[in-house]
Structures are given as structure tokens and as C-alpha cells.
Amino acid sequence: FGTFTFNSVFNSLISLVLVLVLSFTLGYLLSRYRFKGRNLIYGILMAAMMVPIYALIVPLFIQEKKIGILNSRWSLIPVYVAMELPMSVFLIDSYMQGISIDMEEAAAIDGAGLLKTMFVIMMPLCKPILSTVVILTFMHVWNEFAFAQVLISQESLKTIPIGLTYFTSQYMTSYTLLLAALAMATLPVLVIYLFFYNKIMEGMMAGAVKG
């Protein structure tokens, strides 16, 4: 079970970092700039949200087998990032549109470049919505079962949701061990939620005051 926990932590943290960086960058650019292809990007993100994700299990299995990452340490991470990216981009984009552009204009006058403006000035202002993205992404990746079951067959790479099924067999269920494992599986999500809870409340209060 320790191996399953490590695999879940690895997949969740790597996916979370990638989703945060990519969604913040895309959300910022889409909310602040008008450029050729912007509507196409919006359309792709919207289409990704409308497609039933589990209808893609077989195509993803075939593609990962062709490129050679099936049943490896990196099999699940691209899938999880693609799953969580569209909603995260839309959340950040909507939040960004409620922030005045005055600070960015002042930073540009002081000589700040695009990267410094994004990650030094704007990212701290987006902590509430980024906290929401952290909680949602971590929770979804941590609890994901279907792709982990299909794309991973090697025992040493399986995750906690797969490991929990091992406590139940056709003829018996080890309830004591199962409940202990469920407690261990729930604890990280609970810690993440409690850690970022205040930031989400700050964002809700800020929106209420602006309204």
C-alpha cells in the first residue's frame, strides 16, 4: 500500500504542477490579449469539456502503446493534465477578467516583462482561484480509477484507487484493513482542502465586496 500511495502522490503532484503552470499561462493570455487563433483555442477547450472523457479510454490506450509510454511511470500524467486543463483555464480566465489592468500597465511602465508581470505580479493576486484549481485537480487525480486501471498493469505502478480493490474478493471483504486503507486514502485530500480553504474563502469574500 505504501507503493500505491507513492504512485498516487507522484501522479497527483506532477499533474498538479503542470496544470497550474499551463492553465495560469493560458488563462492569463486569453483574458488579456486578443490574437489570431484565440477563438480556436477557446473552441478546443470547450470541445474538450463536452467530450465524455471515458469514451477516450480505448483511443488513449492505443496511442500510448504506439508511442511507447503505456504501462510506465508517465502513462497517466498526460491524461490527467488534459482532463483538468480546460476547466482550470476557464476558471482562471473568468477570474482574471475581474482584475483591473492598471497594475499591469504600471508594471510595464516600470520595465517589467511579460513573465515577471504574470508570475510575480498577477499570480499572487490569483491565489483564491489557484487554490480552487489545486483542490479540484488534486481531488480528481487522486481519486481517478478508470484510466489507472486500463493504462497501468504493472503492480509497482498502480495507484491507491486500484489498491483499495485488493481488500475485496469474490467471497470475502477485509473490512478492518479496507477501512484503514480508506482513511489513509482520504487524509491527503482532507489536508489539501484544509490548507487552501482560507484562500477560497478570501476569494469568495472579495467577489462579494466587489459586487
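The largest cavity has a volume of about 50 Å³. This result, like the others here, was computed from a predicted model. In total, the structure holds two cavities of 30 Å³ or more. Their volumes and linings are set out below.

| Cavity | Volume | Lining residues |
|---|---|---|
| Largest | about 50 Å³ | Asn7, Asn11, Ser72, Arg73, Leu76, Ile152, Leu157 |

By residue class, the lining of the largest cavity comprises three nonpolar residues, three polar residues and one charged residue. For the second largest cavity, the lining consists of four nonpolar and four polar residues, with no charged residue. Helices α1 and α7 (127-143) each provide at least two residues of the lining of the second largest cavity. The greatest share of that lining comes from α1, which gives three residues.

Helix α1 spans residues 2-32 and includes arginine 32. Is arginine 32 buried or exposed? Its relative accessibility is 16%, so arginine 32 counts as buried, the cut-off for that class being under 20%.

The side chain of arginine 32 reaches two backbone oxygens: that of isoleucine 99 at 2.9 Å and that of methionine 96 at 3.0 Å. Leaving aside residues up to four places away in sequence, arginine 32 touches Met96, Gln97, Ile99, Ser100, Ile101, Glu104 and Met122.

Key
Residues are numbered from 1 along each chain as its sequence is written. This is a predicted model: local features need pLDDT of at least 70, side-chain atom pairs count only at pLDDT 80 or more; totals for chains, interfaces and linings use all residues. Side-chain values use heavy atoms; hydrogens and water are left out. Helices (H or I, at least four residues) and strands (E, at least two) are DSSP runs, numbered from the N terminus. Buried means under 20% relative accessible area, exposed over 50%, partly exposed in between (1.4 Å probe, protein chains only). A polar contact is a pair of N or O atoms within 3.5 Å; within protein, one must be able to donate a hydrogen and the other to accept it, and residues adjacent in sequence count only if both atoms are side-chain atoms. Contact means heavy atoms within 4.5 Å. On a 1 Å grid over the protein atoms alone, a cavity is a set of points where a 1.4 Å probe fits but cannot get out, and a pocket is an open set with protein on both sides within 12 Å along at least five of seven lines; lining residues have an atom within 4 Å of a point. Grid points are joined across faces, edges and corners, and a volume is the space filled by probe spheres set on the points. Ala, Val, Leu, Ile, Met, Phe, Trp, Tyr, Cys and Pro count as nonpolar, Asp, Glu, Lys and Arg as charged, and the others, Gly among them, as polar.
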